[in-house]
Amino acid sequence: MFLELVDSLRCVRPHEDSWLIARADELVARHIVQGELGCPICEARYEVRDGVADFSVGAPRASAPSPGARDSEALALRAAALLGLTEPGGLVVLAGEWSACVDALLDLAEGVQLLALDPAPTLRSGGALSLALVPDVLPLAAASARGIALDATHATPSLLAGAARALAPGGRLIAPAAARVPESLQELARDDEQWVAAAPRSSVSAPVPIALRR
Ligand SMILES: [Zn+2]
């Protein structure tokens, strides 16, 4: 788990928003290899083992299958095109089967940080790749990701809603065709396999409560 990415991670329990506090017992090239992420609100603790942050709270999904090299390139091309990864930078989240294309995607997309959720067991965190196991809640801060790709196992109503929240303005979400497009997103395109939808590029900020001083 890349140290700088911890800022974008959130507790998976329902309560007010807060950063997680990272403890690194073993740190290699700014990646937490062994350690813990702690929630200052509810005191939940999420272990980091072998570079993988475990948010699954004892109920992990089956890990994604390891793909062949050709599948991986085709998948990376599809992810880069649908997510519009033409400009460098930002966080891209790949869930389940999409994690198969991380290496090929890092070749295509310049300077992005990748977070693979419930990844293929052969993946190792390091460089621009971080890994996490997740329950049916996305452990991401609002507006933290430029792109998210959910496979069929991860296209649950809860994870779709979490993904819609986690997208930065203009950010894009890919999900299986059978999944429902979250209301806050605008569908851009679809085929038999997937749709891609974008978060609004709103220039209007959310209403801010005004405290009156007397
Ligand atoms: Zn918490």
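**Zinc site and cores**

Reply: The donor residues of the zinc ion follow the spacing C-x3-H-x23-C-x2-C in sequence, where donors are N, O and S atoms within 2.8 Å of the metal (3.2 Å for Na, K and Ca), and sites may look incomplete because water is not among the atoms. This is a predicted model, in which local features need pLDDT of at least 70, side-chain atom pairs count only at pLDDT 80 or more, and totals for chains, interfaces and linings use all residues. Residues are numbered from 1 along each chain as its sequence is written, and side-chain values use heavy atoms, without hydrogens and water.

Me: Which residues coordinate the zinc ion?

Reply: Cys11 (SG), His15 (NE2), Cys39 (SG) and Cys42 (SG) do, at 2.0 to 2.3 Å.

Me: Is Cys39 buried or exposed?

Reply: Cys39 is buried, with a relative accessible area of 5%, whereas Cys42 is partly exposed at 23%. Buried means under 20% relative accessible area, exposed over 50%, and partly exposed in between (1.4 Å probe, protein chains only).

Me: How many residues has the largest nonpolar core?

Reply: In soluble globular proteins, nonpolar side chains tend to be buried together. Here the largest nonpolar core has 42 residues, and Leu37 and Phe55 are among those with the most contacts inside it. Such a core is a set of buried Ala, Val, Leu, Ile, Met, Phe, Trp, Tyr and Cys residues joined through side-chain atoms within 4.5 Å. A second, separate core of 23 residues includes Val92 and Leu129.
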